[in-house]
Amino acid sequence: MARICPIRSGATLTFKWQSWPADPSKEVIDRGHHGPCAVYMKKVNSAKDDPGHGGGWFKIWDDGYDADKDYWCTDRLIDAGGYMTVKIPQGLRGGHYLVRPELLALHAAGDGNPQFYTGCAQVFIKDGGDLVPNHTVRIPGYVAPTDKSVDLNIWGRMELPYVKPGPQVATLKHGSPTTQRELKQGLRPEGCI
């Protein structure tokens, strides 16, 4: 994508999930597609030019399964009309980032077919601080086919508590301060609404 969205540190981002983008009258995702959700970020030199794959990804939010209510993150997403809202960590180092919302549908995981649904946003934090993640992961590569979170049968007797896939939500530490404060690429053209 050629456009990058400038945001402030600690901003709230909302993603809209729709199984049929050309037909908003259809459901968000089939009710039987139960599973967890997550949002990852990756600091990059250019949100416009970075290919996205590889190392540097860190999780900022996740939601899994409430066994008491038999209720998955995907159920909450459907009930919210397809909207997933997350807050970017306050004080995160400024500059270019890729943001990757993710759903994992587990309805066929027992047959070896967990289904990942992802999106991507390109953002520029214009007033960031100096916080960086303590650890990062590679995408692809952060989940293995044999992980308990994806190698299970949700229709049978499932081992509880359900362990969400991938790393834990990242803890942040102080790093070098923001040096990139001005967005120079991916700007909205003059006269564009």
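Predicted model: local features only at pLDDT ≥ 70, side-chain atom pairs only at ≥ 80, totals over all residues.

Visitor: OK, and how many helices and strands does the protein have?

Guide: There is one helix, together with 13 strands; these are DSSP runs numbered from the N terminus, with helices being H or I over at least four residues and strands being E over at least two. Along the sequence the pattern reads β-β-β-β-β-β-α-β-β-β-β-β-β-β.

Visitor: What share of the residues is buried?

Guide: Buried residues make up 45% of the 193, where buried means under 20% relative accessible area, exposed means over 50%, and partly exposed is in between, using a 1.4 Å probe and protein chains only.

Visitor: Which residues have the most contacts inside the largest nonpolar core?

Guide: Those are L13, M41, I88 and V99, in a core of 26 residues. A nonpolar core here is a set of buried Ala, Val, Leu, Ile, Met, Phe, Trp, Tyr and Cys residues joined through side-chain atoms within 4.5 Å. Two or more residues of this core come from each of β2, β3 (37-44), β4 (54-63), α1 (73-79), β7 (83-87), β8 (95-105) and β10 (121-125). Another core, of 21 residues, lies apart from it and includes I4, A47, Y142 and I154.

Visitor: Back to L13, what does it touch?

Guide: Not counting residues up to four places away in sequence, L13 touches I7, M84, T85, V86, I88, V99 and V123, and contact means heavy atoms within 4.5 Å.

Visitor: New topic: how many aromatic pairs are there?

Guide: The structure holds four aromatic pairs. One of them joins Y40 and Y142, which are edge-to-face at 5.3 Å centre to centre, with 70 degrees between the planes. Rings of Phe, Tyr and Trp (its six-membered ring) pair if their centres lie within 6.5 Å, and planes under 30 degrees apart count as stacked, over 60 as edge-to-face and the rest as tilted.

Visitor: Where do Y40 and Y142 lie?

Guide: Y40 is in strand β3 and Y142 in the loop between β12 (137-139) and β13 (172-174), so the pair ties together parts that are 102 residues apart in sequence. Y40 is buried, at a relative accessible area of 0%, and Y142 is buried too, at 14%.

Visitor: And how are the rings of F116 and Y142 arranged?

Guide: Their centres are 6.4 Å apart and their planes are at 65 degrees, so this pair is edge-to-face. F116 lies in strand β9 (residues 115-118), so its pair with Y142 ties together parts that are 26 residues apart in sequence. F116 counts as partly exposed at 33% relative accessibility, and Y40, F116 and Y142 form one aromatic cluster.

Visitor: Is L104 buried or exposed?

Guide: L104, which is found in strand β8, is buried, with a relative accessible area of 0%. Leaving aside neighbours within four places in sequence, its contacts include H34, F116 and Y162. L104 and H34 are 70 residues apart in sequence, and their C-alpha atoms are 7.8 Å apart in space.

Visitor: What about T74, where does it lie?

Guide: T74 lies in helix α1 and counts as buried at 1% relative accessibility. Beyond its neighbours within four places in sequence, T74 is in contact with H33, H34, G35 and C37.

Visitor: Last one: where is the place of S9?

Guide: S9 is in the loop between β1 (5-7) and β2 (12-16), and at 9% relative accessibility S9 counts as buried. A polar atom of the S9 side chain lies 2.7 Å from the backbone nitrogen of G91.

Terms used: Residues numbered from 1 in each chain as written. Heavy atoms only, no water. Polar contact = N/O pair within 3.5 Å; in protein donor to acceptor, adjacent residues only side chain to side chain.
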